[in-house]
Amino acid sequence: MSAYTKKDVPPSSIEESASVVHRIRITLTSRNVKNLEKVCADLKKGAVDKKLQVSGPVRLPTRILKITTRKAPSGEGTNTWDRFEMRIHKRLIDLHAPSEVVKQITSITIEPGVEVDVTINDK
C-alpha cells in the first residue's frame, strides 16, 4: 500500500464537477393520454420555474398493438372474431441541467400508469 499515492484535488474542482450541465432526456410512456399530459405539464412547469433550458414535450407516434382472436374456444361454429387493441403514447422532454436539479424536478408525484425513463447524455 505504500506505493499508492493519493492525488490532491482542490475543493473547487469537486464543486465544478458537481455543477456540470448535462443533457438529460426524459421519456414518458403511458396508455392513458390524460395522465401522460398532466405529468408532462408538471415536469415542464418545474423546469421552467428553475429557469432551465427545456424542449418538449415531443409527441412521438402512438404505437397501436392489435390482437385478433376467435370468439369460440373450440373452433367450431360461426367464424366470429374479437379485435383488441392497446394504444401506447410516448412523450420526450429534453433538459439542460445539473443532475441535482433534475432529481428535484422529477420528485413530483407521477400519475398511475405513467412510466418515466431518465437518460443522461454528455456532450
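Mentor: Let us look at a few residues and then at some charged pairs. Please keep in mind that this is a predicted model.

Trainee: Let me start with Thr27. Is Thr27 buried or exposed?

Mentor: For this we look at relative accessible area, and a residue under 20% counts as buried. Thr27 has 13% relative accessibility, so it counts as buried. You will find Thr27 in strand S1, which covers residues 22-30.

Trainee: And which residues does Thr27 touch, if we skip those up to four places away in sequence?

Mentor: Thr27 touches Lys90, Arg91 and Leu92, and also Glu115, Val116 and Asp117.

Trainee: How far apart are Ile88 and Arg63, in sequence and in space?

Mentor: Ile88 and Arg63 are 25 residues apart in sequence, yet their C-alpha atoms are 5.1 Å apart in space. Ile88 sits in strand S3, residues 81-97. Beyond its neighbours within four places in sequence, Ile88 is in contact with Thr29, Ser30, Thr62, Arg63 and Leu65.

Trainee: Now for the charged residues. How many salt bridges does the structure hold?

Mentor: The general idea is that side chains of opposite charge can pair when their charged atoms come close. This structure holds seven salt bridges. One of them joins the side chains of Arg25 and Asp94, at 2.8 Å from N to O. Arg25 belongs to strand S1 and Asp94 to strand S3, so this pair ties together parts that are 69 residues apart in sequence. Arg25 is partly exposed, with a relative accessible area of 34%.

Trainee: What does the pair of Lys38 and Glu111 tie together?

Mentor: First, the pair itself: the side chains of Lys38 and Glu111 meet in a salt bridge of 3.5 Å, N to O. Lys38 is in helix H2 and Glu111 is in the loop between helix H3 and strand S4, so the bridge ties together parts 73 residues apart in sequence. Lys38 is partly exposed at 40%, and Glu111 is partly exposed at 21%.

Trainee: Which residue forms a salt bridge with Arg87?

Mentor: That partner is Glu85, and the closest N and O atoms of the two are 3.0 Å apart. Arg87 has a relative accessible area of 41% and is partly exposed; Glu85, at 44%, also counts as partly exposed.

Conventions. Residues numbered from 1 in each chain as written. Predicted model: local features only at pLDDT ≥ 70, side-chain atom pairs only at ≥ 80, totals over all residues. Heavy atoms only, no water. Helix = DSSP H or I, 4+ residues; strand = E, 2+ residues; numbered from the N terminus. Buried < 20%, exposed > 50% of the residue type's maximum accessible area, 1.4 Å probe, protein only. Contact = heavy atoms within 4.5 Å. Salt bridge = Lys/Arg side-chain N within 4 Å of Asp/Glu carboxyl O.
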